[in-house]
Amino acid sequence: MNTRDEARQFLMSRRANISPERAGLVVSGHRRVEGLRRSEVAMLADVSPEYYAKIERGNLVGVSDSVLESISRALQLDDAEREHLFDLARAANGGAQPVRRPKPKTWVARESLIRALEVIVNGPAFVRNGRMDILATNALGRAFYDEVFDGPGQGNLARYCFLDERAKTFYPDWEAAADVTVAILRTEAGHDPRDKQLHDLVGELSTLSDAFRTRWGAHNVRRHGSGTKNFHHREVGGITLSYEGLELTAEPGLSFLIYTAEPGSPSEQRLQLLASLAATVTAPPSRALFDETTTTKD
C-alpha cells in the first residue's frame with residue numbers, strides 16, 4: 001500500500017471530521033470545505049500553514065514526534081487514530097521494514113498454545129492475525145464460528161462479514177460489525193503497509209463488496225481490545241458476549257481472543273447448549289487456513 005497516499009487521505013478525512021465549533025474556533029459566513037481548513041489545523045498545531053500542507057500531502061519524512069503529537073491534538077485523534085498516524089510516519093521514515101526470516105508455508109499452532117485454547121471450555125476462544133484470519137480455536141470457538149469456515153469466509157472474518165449473506169443474521173447490528181471489521185484492517189495496514197496478503201484481501205473485498213469499498217475509503221481505524229457484542233447463532237439464537245483480546249508476545253501480530261457470557265444469563269445458557277452440541281463433533285483446535293508463502297516479522 002502507498003504510505004504517502006494513505007497518510008494524505010487519512011489526514012484529510014480526519015480534518016473533515018472536525019467542525020470549527022468542535023475545535024473551539026469562532027467562524028462566520030459560508031464555508032466551502034467540510035470540517036477545518038488546512039490553515040486552521042496548522043494554527044491549532046502551532047506549525048506553519050506551508051509545513052502542515054506538506055504533511056497533509058503525505059510527506060511524513062522527517063516529521064518529529066512532537067509535531068505529530070501537535071497534529072493529533074489539533075485533529076482530536078483518539079488513541080487508535082494517533083497510533084495509526086505514528087505508524088504511517090514510521091513507515092514513511094523506513095521504520096516499518098521488519099526484520100525478516102523464512103517461515104513455513106502453513107502456520108502451525110504451538111502445542112502450548114493449543115493447550116491454552118483447550119483449557120478454556122466456558123466460552124469461544126481463538127487466535128487471529130491482523131488480517132482477521134482465524135488461525136486456531138477451541139472446540140466452542142469452532143462451533144461458534146462454524147459459518148466462517150464453511151462458506152465464502154474461508155476462515156477469514158472480513159470475508160465472512162462482507163461476502164457471506166449469513167453474516168447479516170449472525171451480526172444483528174451488521175452495520176456496526178462491518179465498520180469495526182474495516183477499521184481493524186485499516187489499522188493493520190498502518191502497522192505493516194507492505195503486507196502483500198493484506199493488500200490482496202483488501203483488493204478482493206473492494207472488488208466484490210460495495211459496502212467494504214465505501215468503508216475502506218472512510219479511513220477509520222480502531223483498537224479491538226475489549227467490549228460487548230450481540231450475536232445470533234443459527235443453532236441457539238441470540239447471545240450477548242463480552243470479549244477480551246490479548247496480544248501474543250511470542251508471535252507479534254497475533255491476538256488471543258476470549259468470549260464470555262454473564263453468569264446466570266440466558267446467553268450463558270445458550271452458550272452451554274452450543275458447547276454441548278460442539279462436544280458431539282470431533283474437530284482439531286487448530287488448522288492452517290492458507291499458504292503463508294511470504295515472510296514474517298521477528
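## Strands, cores and salt bridges in a predicted model

Strand β6 (residues 254-260) is mostly covered, with five of its seven residues buried. The model is predicted. Strand β6 has two pairings described here. With β2 it runs antiparallel, and five bridges join the two strands. In this pairing Ala125 stands opposite Ile258 of β6. With β5 (residues 237-247), β6 also pairs in the antiparallel sense, over six bridges. Here Tyr243 stands opposite Tyr259 of β6. Strands β5 and β6 form a hairpin, and six residues lie between them. In the turn, Gly253 has a positive phi of about 100°.

**The whole protein**

The protein has 14 helices and seven strands. Of its 298 residues, 48% count as buried. Among contacts with a separation of 6 or more, 59% are between residues 24 or more positions apart.

**Nonpolar cores**

In soluble globular proteins, nonpolar side chains tend to be buried together. In this model the largest nonpolar core has 42 residues. Which members touch the most others? They are Tyr145, Tyr171 and Leu185. Helix α11 (residues 174-191) gives this core its largest share, eight residues. Beyond its sequence neighbours up to four places away, Tyr145 touches Phe126, Ile134, Leu157, Phe170, Tyr171 and Tyr259. Tyr259 is the β6 residue that stands opposite Tyr243. A second, separate core holds 27 residues, including Val41, Val47, Leu68 and Leu88.

**Buried residues and their partners**

Asp133 sits in the loop between β2 (125-129) and β3 (134-137). Its relative accessibility is 5%, so Asp133 counts as buried. Its side chain makes a polar contact of 2.9 Å with the side chain of Asn156.

Phe149 belongs to helix α8 (residues 146-149). Phe149 is buried as well, because its relative accessible area is 11%, under the 20% cut-off. Phe149 and Tyr160 are eleven residues apart along the chain, and their C-alpha atoms are separated by 8.6 Å.

Glu81 lies in helix α5. At 12% relative accessibility, Glu81 counts as buried. Leaving out residues up to four places away in sequence, Glu81 touches Phe10, Arg14, Gln76 and Val221. With Arg14, the side chain of Glu81 makes a polar contact of 2.8 Å. Glu81 and Asn220 are 139 residues apart along the chain, yet their C-alpha atoms are separated by 7.7 Å.

Gln76, one of the residues touched by Glu81, has a positive phi of about 55° although it is not a glycine. Gln76 is in the loop between α4 (65-74) and α5 (79-92). At 31% relative accessibility, Gln76 counts as partly exposed. Asp46 also has a positive phi, near 60°, and is a residue other than glycine. Asp46 is in the loop between α2 (38-45) and α3 (49-56). At 70% relative accessibility, Asp46 counts as exposed.

**Salt bridges**

A search of the whole structure finds 22 salt bridges.

| Arg234 | Glu147 | 3.9 Å |

Arg234 and Glu147 meet in a salt bridge. Arg234 lies in the loop between β4 (226-233) and β5, and Glu147 in helix α8, so the pair ties together parts that are 87 residues apart in sequence. Are the two partners buried or exposed? Arg234 is exposed, with a relative accessible area of 51%, whereas Glu147 counts as buried at 9% relative accessibility. Both belong to a network of salt bridges that links Asp146, Glu147, Arg234 and Glu235.

At 30% relative accessibility, Arg166 counts as partly exposed.

Arg213 is partly exposed, with a relative accessible area of 38%. Asp210 is exposed, with a relative accessible area of 51%.

How values were computed. Residues are numbered from 1 along each chain as its sequence is written. This is a predicted model: local features need pLDDT of at least 70, side-chain atom pairs count only at pLDDT 80 or more; totals for chains, interfaces and linings use all residues. Side-chain values use heavy atoms; hydrogens and water are left out. A nonpolar core is a set of buried Ala, Val, Leu, Ile, Met, Phe, Trp, Tyr and Cys residues joined through side-chain atoms within 4.5 Å. Buried means under 20% relative accessible area, exposed over 50%, partly exposed in between (1.4 Å probe, protein chains only). Helices (H or I, at least four residues) and strands (E, at least two) are DSSP runs, numbered from the N terminus. Contact means heavy atoms within 4.5 Å. A polar contact is a pair of N or O atoms within 3.5 Å; within protein, one must be able to donate a hydrogen and the other to accept it, and residues adjacent in sequence count only if both atoms are side-chain atoms. Two strands pair if DSSP finds at least two bridges between them. A salt bridge is a side-chain nitrogen of Lys or Arg within 4 Å of a carboxyl oxygen of Asp or Glu.
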